[in-house]
Amino acid sequence: MPYVRFYPISKLKHKYKLDEFINTHSRHKTERENVNLNRNLPNYVRFVMDLFLPHVKKAMWIDSDTIVKCDVVEMARKVLNGDDDNGPAIAAIPVEGKPKGLYEKDKYRNPIPDWGIETSFNAGVYFVNLDRWRKQGLTEKIRQLALKNREYRYWRMGSQPPLALTIGENFEHLPLSWNVKMKTIDEREDMSLEDACVFHWSGPSKPWDGFQHPEEWYPYVHESDKEMMESEEAKE
């Protein structure tokens with residue numbers, strides 16, 4: 001039986017000052033976003049894993065809107081190895097272009113800084129070497145950048161931009177199959193549902209609402225949730 005431990009968000013909030021990571025600027029909410037994700041504290045727990053898992057060397061972050069189909073332990077053993085403390089602290093799939101969610105100008109109408117990032121990543125699925133994270137002081141670097149964003153408003157999203165801007169291009173590349181966005185899977189020629197190791201329903205359209213191959217989500221749903229989903233489908 002795997003060992004499972006739950007950490008109350010209220011305790012993490014106070015002990016590790018999670019409020020300091022929050023993007024206090026308003027964010028447009030779609031019809032399906034019933035919470036302001038910029039203020040959703042669980043999104044920011046990823047920044048303090050090194051603190052509440054002090055004896056753990058490697059970890060994997062996965063968003064709650066994912067299904068993992070491949071062996072996580074096997075991949076964790078393959079990535080982020082070596083003795084270089086300045087080496088990549090995270091491993092994620094590469095995404096061409098600048099980090100998502102940045103404004104062109106800050107709150108004072110000045111151009112935002114050029115971070116020189118041409119290849120970034122999606123923060124919904126990644127492995128992290130917590131020893132390197134600690135040695136590089138990444139928690140504090142992200143915290144200071146998040147606090148600076150409150151003054152200047154560099155980005156509109158929550159946890160993705162500060163992590164991507166702090167890491168830059170210093171990350172190890174995972175195979176593309178380890179974070180497959182379900183909203184684009186049908187348009188891709190280089191990936192299929194059978195090839196994917198991690199399904200990721202990023203964005204506001206979720207499988208529990210019947211979007212983007214909900215049949216892949218359905219086998220893992222608790223019976224009580226299945227009844228609710230079937231009831232919602234019947235209403236439509």
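These legends describe close-up views of one predicted model.

Local features need pLDDT of at least 70, side-chain atom pairs count only at pLDDT 80 or more, and totals for chains, interfaces and linings use all residues. Residues are numbered from 1 along each chain as its sequence is written, and side-chain values use heavy atoms, with hydrogens and water left out.

**View 1. Confidence across the model.** The average pLDDT (the predictor's confidence in each residue, from 0 to 100) is 89. A score of at least 70 is reached by 88% of the residues. Residues 30–34 fall below 50. Beyond near neighbours in sequence, this stretch makes six contacts in the model (heavy atoms within 4.5 Å).

**View 2. An open sheet of four strands.** The order is β1-β6-β3-β7, and the pairing is mixed. Strands are DSSP runs of E with at least two residues, helices are runs of H or I with at least four, and both are numbered from the N terminus. Two strands pair if DSSP finds at least two bridges between them. At the edges lie β1 (58–62) and β7 (172–173), each pairing on one side only.

**View 3. Bridges between the strands.** β1 and β6 are antiparallel, with five bridges. Here Trp61 has Tyr126 of β6 as its bridge partner. β3 and β6 also run antiparallel, joined by two bridges; Ile90 partners Val128 in β6. The β3 (residues 90–92) to β7 pair is parallel and has two bridges. Ala91 partners Glu172 in β7.

**View 4. Strand β6, enclosed.** Five of the five residues of β6 (residues 125–129) are buried, so the strand is largely enclosed by the rest of the structure. Buried means under 20% relative accessible area, with a 1.4 Å probe and protein chains only. In a regular strand, side chains alternate between the two faces of the sheet. Val125, Phe127 and Asn129 point one way from β6, whereas Tyr126 and Val128 point the other way.

**View 5. The second largest pocket.** Its volume is about 680 Å³, the space filled by probe spheres set on grid points joined across faces, edges and corners. A pocket is an open set of points on a 1 Å grid over the protein atoms alone, where a 1.4 Å probe fits, with protein on both sides within 12 Å along at least five of seven lines; lining residues have an atom within 4 Å of a point. The lining has 16 residues, and Val4, Arg5, Phe6, Tyr7 and Phe52 lie nearest the centre. α1 (9–16), α2 (49–52) and β1 each supply at least two lining residues. β1 gives the most, with three.

Methods: Buried < 20%, exposed > 50% of the residue type's maximum accessible area, 1.4 Å probe, protein only.
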